[in-house]
Amino acid sequence: MQSYDYIVVGAGSAGCVIATRLVEAGKSVLLLEAGPRDNTPWVHIPATVFKLYTTERVWNFKTEPEAGAFGRQMPMMQGRTLGGGSSVNGMVYIRGQPQDYDTWRDMGCPGWGWDDVLPVFKRSEDNQKFANAYHGTDGPLKVSDTRFRHPISYAFLRAAQEAGTRYSDDFNGSSQEGVGFFQTTTFGGRRQSTPVTFLSRVRSSPLLTIRTDALVDGLVFENGAAVGVRYRSGKDNSVAEARVREEVVLSAGAFGSPKALQLSGIGPEKLLRDLGIPMLRDMPGVGLNFQDHYSAPVQALTRDPISVLGQDKGLRAVGNGLQWLLFRSGLLTSNVIESGGFFDTSNSGRPDIQFHVIPSLTGDVGQPPPQQHGLTLSVCILRPASRGWVNVRSREASEPIKIVANTLDNQQDIDTLVRGLKLGRKILNAPSLRKLVVKEVVPGNLGEDASEETLVAHARKFAKTVFHPCGTCRMGSDDAAVVDPYLRVRGVPRLRVADASIMPTLISGNTNAPSIMIGERCADFLLGHR
């Protein structure tokens with residue numbers, strides 16, 4: 001049994017940041033990751049991320065049958081490799097809206113308002129083109145414009161402006177609203193995951209120990225305080241135990257962190273008792289407050305074969321691969337989801353819908369897309385009102401967690417999604433897209449109105465996650481919160497949680513950048529920089 005200053009469970013967007021900052025400060029760290037290393041080209045070539053979706057480098061969870069989605073089980077894919085979500089996501093760099101963080105502050109999380117977190121975002125960032133009050137240029141995380149931009153992406157931007165939406169050059173600047181190209185966590189044609197940008201700074205340090213293929217069985221406690229971690233390691237699934245001199249940090253995500261707590265006896269008393277898990281602390285909030293972004297598509301066939309369909313086959317694949325290998329240019333440098341926008345469909349004064357534009361027809365995880373050339377406007381609810389929960393099913397760490405998402409359970413979510421679908425169809429019918437498309441696939445017929453009932457049914461039939469789960473170890477100052485504003489597990493010394501699970505409410509956009517910010521803040525707290 002070995003001992004370290006800190007153990008970080010989960011080498012994802014936040015975990016790699018925490019480990020890096022602690023090692024840079026002279027602390028010894030054991031970093032545990034359930035999945036394999038990120039040593040495959042499909043991680044590092046931006047446009048090939050889809051090749052990872054059926055491999056061991058992702059967790060392919062499913063929800064229970066969802067009543068709000070016609071009884072479907074929703075795929076809930078999550079990163080399972082060094083870098084976690086930052087190694088398998090769409091690389092879109094979005095922070096959210098200032099009001100998101102001011103809401104956290106007002107919900108009992110002092111120190112987490114926009115004025116508190118903006119300097120942390122800037123400290124992490126090395127932006128390719130922006131250097132102003134909203135952006136940094138000296139941090140580890142490289143943020144840039146993609147080198148390749150698809151004609152369909154440009155056509156969407158023109159069509160959205162024709163439909164009355166303003167163009168935005170920076171969704172992370174003074175205003176989020178508008179349409180434009182996303183900045184991405186790519187640079188030089190390669191993905192910039194947290195192992196590449198943060199962990200690479202300390203990989204050679206003797207203070208850092210990385211264990212991949214290490215599934216955590218549970219935490220070790222003495223006198224009620226966390227003192228270590230038990231985990232299974234390697235091909236032989238051998239059990240190991242490591243101890244800490246200072247603290248354990250759970251950074252295993254919205255599914256992994258509550259699971260580790262519950263397996264260790266921290267969670268709802270009845271659940272633990274029914275499963276025969278010895279209870280350390282009755283904490284009903286562990287696993288509650290589950291939130292996620294959900295989207296529904298507006299899809300159309302293109303008149304000409306201009307989508308990305310077939311670009312990964314035959315001579316086209318060879319040509320794209322050579323262009324990337326030799327010049328770091330071309331289609332493979334694209335994150336595919338190059339353009340999109342943020343829209344205020346309720347006239348509330350802040351966007352409530354995000355579009356992701358994909359230059360092809362899409363299916364879902366495990367469901368191949370139609371083999372026809374087309375495009376997809378993915379319409380996403382930014383601040384869902386529906387809430388779900390997650391629980392362990394047994395004492396066995398290898399058993400998948402139970403997820404009840406309550407997808408589209410709240411009428412507000414359906415109303416918002418329907419407004420977004422109407423806007424998507426309006427943009428699809430604007431001149432710049434209308435001249436490219438020949439037929440609307442869903443939810444209606446090109447140029448014709450669709451009834452409210454048709455759009456509601458479409459939303460429930462085709463809604464799917466955007467893979468941004470959060471909230472299951474909620475931060476707050478009240479008795480129901482799991483962690484306090486310093487990310488300490490309430491009532492359990494020497495244990496913290498730092499990942500998207502601590503978010504009280506979901507932020508308005510993609511969650512990778514906020515998770516990195518949470519990792520930075522956790523490292524600050526551990527090192528006493530409050």
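The side chain of Gln 354 makes a polar contact with the side chain of Asn 510, at 3.0 Å, in what is a predicted model throughout. A second polar contact, at 3.2 Å, joins the side chain of Gln 354 to that of His 356. Gln 354 belongs to strand β18, which covers residues 353-358, and its relative accessible area is 0%, so Gln 354 counts as buried, the cut-off being under 20%. Leaving aside residues up to four places away in sequence, Gln 354 touches Phe 182, Gly 341 and Phe 342, then Ser 378, Val 379, Cys 380 and Leu 382, and finally Gly 509 along with Asn 510.

Strand β1 spans residues 2-9, and because 6 of its 8 residues are buried, β1 is largely enclosed by the rest of the structure. Strand β13 (residues 238-250) pairs with β1 in the parallel sense over 7 bridges, and within this pairing Ile 7 stands opposite Val 248 of β13. Strand β2 (residues 29-32) also pairs with β1 in the parallel sense, here over 4 bridges, with Tyr 6 standing opposite Val 29 of β2.

Two packed helices are described by the angle between their axes and the distance between the axes. For helix α5 (residues 114-124) and helix α14 (residues 512-526), the angle is about 100° and the axes are 9 Å apart. Since angles of 65 to 115 degrees count as roughly perpendicular, α5 and α14 are roughly perpendicular to each other. On the α5 side, the contact is made by Val 117, Val 120, Phe 121, Arg 123 and Ser 124, while α14 contributes Ala 513, Pro 514, Ile 516, Met 517, Glu 520, Arg 521 and Asp 524. Sorted by class, the contact of α5 with α14 comprises 7 nonpolar residues, 4 charged residues and 1 polar residue.

Helix α13, formed by residues 452-462, can be read through its buried residues, which are Leu 455, His 458, Ala 459 and Arg 460. An α-helix has 3.6 residues a turn, so residues three or four places apart point the same way. The buried residues of α13 pack against β16 (294-302), α11 (411-428) and β22 (437-442).

Technical notes. Residues numbered from 1 in each chain as written. Predicted model: local features only at pLDDT ≥ 70, side-chain atom pairs only at ≥ 80, totals over all residues. Heavy atoms only, no water. Buried < 20%, exposed > 50% of the residue type's maximum accessible area, 1.4 Å probe, protein only. Helix = DSSP H or I, 4+ residues; strand = E, 2+ residues; numbered from the N terminus. Contact = heavy atoms within 4.5 Å. Axes fitted to C-alpha atoms, helices over the stretch in contact; angles between N-to-C directions. Parallel < 35°, antiparallel > 145°, perpendicular 65-115°, else oblique. Nonpolar A, V, L, I, M, F, W, Y, C, P; charged D, E, K, R; others polar. Polar contact = N/O pair within 3.5 Å; in protein donor to acceptor, adjacent residues only side chain to side chain. Pairing = 2+ DSSP bridges.
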